[in-house]
Structure formats: structure tokens, C-alpha cells
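User: Please go through the contacts in this model, one question at a time.

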Amino acid sequence: MQSAKAFDVKHYPGFLGVTVLCLFILYTPLIVVMVYSFNDSLSITRWGGFSLRWYVEVFNGVESAKFKSAAWNSLTIALAAGITSTMIAVAAAIGMVRGGQFAGKSVSFALLSMPIMVPEIVTAVATLVFFSAIGFTLGYGSIVVAHIVFCIPFAYLPIAARLQGIESSFEEAAQDLYASRWQAFRHVLLPIMAPGILSGFLLAFIISLDDFIITNFIKGAGVETLPTAIFGAVRQGIKPNIMALSTLMLLFSIAIVTASYLIGRKGGGSGRGEE
Amino acid sequence: MNSQVRSSASVAVGIENVEKRYGDFTALMQINLQINDNEFFTLLGPSGCGKTSLLRIIAGFEPTSAGLLFLYGEEIENLPPDKRPINTVFQNYALFPHMSVADNIAFGLKMLGWSSSDIEARVEQMVSLVRLQEFIHRRPAQLSGGQQQRVALARAMAPKPKVLLLDEPLSALDLKLRQQMRAELKQLQRDTGITFVFVTHDQEEALSMSDRIAVMSDGRIQQVGSPMQIYEQPANRFVADFIGDTNLLDAEIVEVAGGGASVRLGTGDVIKSDTPENVQIGDRGFVSLRPESMRLRAAADVGTDAGAVALQGVIEDIVYLGTDRQYTISLASNLRISVREQNVASGSADGLHIGNDVCLQLAERAARFLVN
Ligand SMILES: Nc1ncnc2c1ncn2[C@@H]1O[C@H](COP(=O)(O)OP(=O)(O)OP(=O)(O)O)[C@@H](O)[C@H]1O
Ligand SMILES: [Mg+2]
């Protein structure tokens, strides 16, 4: 404890200044967007009083049909990609964490987590090239497939972390009590892993929901998700209804990420699940 | 002979020449054991000697590297854990955290396909056996260590296993509870008639509960016998030293006569000693003398009774231990020995003060000669 105090980062000169600067740069734009989404004027820089008219416009305005279909696409793609990548991630986590030592284990881990480190634009270009090469029609289906793939590592990490914290004696106890391997998984391991799985799913879901770069490359003509629709609308000039829409998306994302974090942290109750 | 012993209904678990290697490391070698039906059998040994490895082999969690494994005469080496009628009480209990006490106990019965009315009746029976009636709806995390231990026990016994394996089940409990659970476990074993294979590194626990004990060290079985045999006739130096306190003195056999022998100690004294079979005059080894198997008398009191005196020395130190006093006696040739005297009544320690000359009288069969 004592030595920890000696190295306390707060004692470095300039710590406070840098912190405040970072927070300012990070959050001021977001706060501005949120505040001006309630602005009762067409201007995006001058305050004209409080109003909810842009929120009404998002749901009822001329562009609302476009936004609604984009939102529907985003949600269904995120659900499909989130569920599928989570199932794959569960299988991968069990293989990696419970599979003992096998040849190529570290290579497998690198391959699994690489997509997080590869620049997204590279993945986007590569995916586009690959889909064109194999003649995969660009559209809703290609977006789902691409999202499943890049969501796997995000789903994998919380699930594997949770599984590492679960002692293998639970499965052994189940098998000792006459459960087959499948029953031990279904009735014991899966419920204990559930918080990690839910947390991984929510993370994958939100990553898919928020993705712009890859989606924009491979969406093909006529299919829009919410991020690409917003981008398209902004190109014709920023209107306050975009701010309202962005604020809604931001709040939704925060809610999902918070839920994912809380579930991953204190859910379950194996007592040793923290990792 | 072997094949008859294997198939005999009185041998619950037969282990023949079992070995276990983890990579280059040999954790178990040449294990031969016959654990009898309806027996409270204990594997006792220091940490790392391979007790858990052996238990996991019996349960089916680890394959053997060599050797044969029998359950009531049937070879079980190739059966997975869920096909062996053996249940385990894990060291950390491994209670399912997402299930209530009742569901934990019912788990094995469900997997065996019992009808729900049978399950309900059995759970009720087990819960009252371990006195947890008020807690059946709680989760394991809401129970104390002792209560969790009892749930683990009830869960493992509910499916009526032929053999119950217990891996240091009492080690997480405090001393009082541990002593109480010893008696309860023993009683449970008697009442149910299930064969218990109990693992511990605590010799007191082993001595007080077991019908028979296998003492292990370094992956080998050192001795198998009743608590009394293990304590009074240790097979070798390790067993004598590990079980209880003892004095180990260098000794050489000078006379062999009808089951016993006379040995000469480093002090020059010759005393009577028990020996293993087939010792010869001139054999060298150790003599084990338990501290409580000797009587101390002030040299002045002994007088004419000198015939019964075996050793003489000077009191060097006295430690008061409540029921006992422990004396450290320095003998001739710079040897030391410790002796325990019960504090029977006030005055029993008369004349036994530091610096006094004393005589040591050995009880019948107090000394045990060991070759190694
Ligand atoms: N999976 C494994 N891989 C490699 N070595 C192992 C493995 N399991 C056990 N060992 C080694 O085998 C030896 C015996 O281990 P084991 O767990 O059986 O000891 P133990 O008698 O139960 O000890 P304790 O009283 O500490 O529980 C130890 O030296 C241990 O390091
Ligand atoms: Mg152990």
C-alpha cells in the first residue's frame, strides 16, 4: 500500500491539466450535440429556446421513413450478428479455456483477437474485395456476414474472461453426478457462464449497431443502416434532426454498454467469476 | 490369487500396479490397494504426495498411465466418470452456485432419470440426514462453510453410490466444527454402509476416523494398516515420523529372540525392541520411541528397582502442555529424547526439575526397530 502511494500518478505535475483537457476534447462535442438537439431553431450554432420539435421530426418528418427502415435494418443486423457471433465465441472460449494445451493454441488466440487490432478500413477493403471475388451479392446478407465475423472477438473476450474464472470442478462435479458432457454443459457450465455470455452478446450487438466503415463498404445499393443513413443525411448539410437522432443513438449505446458492464461484473454468483 | 481378490465382493476398489505420470513427472508409482466393502479407508500423506491424483483416478477424472482399476471385481478403467457408481465430495465442495440446496442434492438423481416423486423423497431424506431442513431453498453462497460441506455430502450420497470419495472435506472448517464433523462423518459411514475413501494430510483426523489407513509419500504407499498398526508398528522411518511424535535413535541389533530383539543405542545402552520380520544380529537402523511410552523417575527415587531402568539422563527442559508435561532429556553421547508425562495429580512431577538426574523406564513394546 505504501509503495503504491509513492507511485501515485496523481502526484505527477500537470496530471490535472492533461486530464481536464482530454475530458474536454472528448465530451464537449457530445454535450454540444445533446444540448442543441433540444434547440428550437434551424441553426446548429445559435440557441433559440427549448423544444422537442427535432425529436418529433425524427419520427414524423420527411426523412423519418428512411430513418425508420435504416433503424430496423440496424437492429435486425445487430441481433443476427450478435447472436451468431456469441454462439461462435462460446464454442471458441470453451475450446481455448477448457481444451487444455493443444498445438496452435497461441496461434488460435492471436487469430481470434486479431480483428480488434487490424485497422477497420483494411478489414473493410479486404472484405469488399473478397465478397466481390467470390461473387457474393452485396446487400443485407453481406452486411450480416461481415458483422458476424468482426463481432466474434468482442463477444469472445468477456466470455473467455468469465470462463477462466469458473473452476473446472463444477463440470467435474456434474459429470461425477452422472451428467453426460452435454448435460454438464447445458445444466451447469452454461448457467454459470450466462452473465459472461450476455455481456459478450451486448458488446457484439452494440459494436454491430454502431459500425460504419465496414458497413459502408459492403452494404451495396439501397440498403442503409442507421450510421450510413446519418452519414448520407449529413452530406447534404447538418440539420438539428440529425443531432436528435445521434442523441438517441448515444443514449441507447450507453444503456447497452452499461448493462453489459454491470452484468459482466456482478452477475451470476459463482463467487470467483471475477476476472 | 489376484484374480480371486479382484472379483471378490468384499473388495470395493481394487488398484493394481497403478502409475500416474504428468509429462516427465511421476506422481504415483506402483500403487496396490484393496479397499474393502463398507470400509472407512483413508489416504494419508503430506502435501504433494499424490492423494488427490489417486482419488481422481478412482473417480475417472484422470486416466492412469499404467495399471488396473476394479470396482467390485469389474474393470472400470475405461468408464467415464458419469458411468461409475462413485461420487465425490470435492475439496472446495464445487456446489452449483445457480441452484438451491435442494436442486444441488437432486442433480445426480435427475441425471440418473429418477422419477420426480422418488427424487423429492430422497432429497427430503438426505436433507434431514445432514440436518439442513431449514436451508433447502437457499443458494450455496448463502450458507456457512460447515453447511456447504453438508450439502456437498448430501449431494454426493443422494444417488446411493457404491463408493464415496472425499478429498480433504474438513480442511476448510475451523477446529471445533472439524472435530464435530469427524464424528458425524464416521457415524454417517456406519449408518449408510457406503465405502468411504477419505483423503487427508491430518494424521489425527486419519487416526480417529479410519478403519484402515494407507500412508503415502512421494507417490508411493508406505504402509497400509489399522490406525493402531500404523501408530504402534510403523513400517519405516517415514511412517513413524509422520504419524504422531516420536524419538528416532540410531540402533544396532545385538540379539534376536522369539519375535523381539535387543538393540544397542548410540548411548551404549541395550534395550528390548520390537522388530520387523527377518532382522539379523548386526543390522543397523533406528529405534522409534514414542514420548508417551516412557516413564520418568527421579534417579533418587529409583534406588533398588534399577532393573526396570533402561536409560539415564538429565532433564534439560520442561514444557507445560496442559494435560501433559513434555520433558527434554539429555542422554549420554550428546543424544536427546523427549518424554511426555501426564499431569495426573498435583505432586506427580515431584523431583522432576531442570538439571535433575532421571531414569527412563520403557513400557512393554515401547521401542520399535526400523531398518529404514
Ligand atoms: N495436472 C497436473 N499436471 C502436472 N503435475 C501435476 C498435476 N496434478 C498434480 N500434479 C503433481 O502431482 C503431485 C501430486 O499431486 P496431488 O494433487 O495428487 O497431491 P496431493 O497429495 O493431493 O497434495 P495436497 O495435499 O497438497 O492436495 C504434485 O507434485 C503435483 O504437483
Ligand atoms: Mg490434494
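User: How many residue pairs are in polar contact across the interface of chain A and chain B?

Analyst: This is a predicted model, in which local features need pLDDT of at least 70, side-chain atom pairs count only at pLDDT 80 or more, and totals for chains, interfaces and linings use all residues. Residues are numbered from 1 along each chain as its sequence is written, chains are lettered from A and ligands numbered from 1 in the order in which they are written, and side-chain values use heavy atoms, with hydrogens and water left out. A polar contact is a pair of N or O atoms within 3.5 Å; within protein, one must be able to donate a hydrogen and the other to accept it, and residues adjacent in sequence count only if both atoms are side-chain atoms. With both residues at pLDDT 80 or more, the number of pairs between chain A and chain B is eight.

User: Which residue of chain A forms a salt bridge with Arg56(B)?

Analyst: A salt bridge needs a side-chain nitrogen of Lys or Arg within 4 Å of a carboxyl oxygen of Asp or Glu. Between chain A and chain B the count is one. The closest N and O atoms are 2.8 Å apart, and the partner of Arg56(B) is Glu172(A).

User: What distance separates the side chain of Ser47(B) from an oxygen atom of ligand 1?

Analyst: Oxygen atoms of ligand 1 lie 3.0 Å from a polar backbone atom of Gly50(B) and 2.6 Å from a side-chain N or O atom of Ser53(B). For a polar side-chain atom of Ser47(B), the distance is 2.5 Å.
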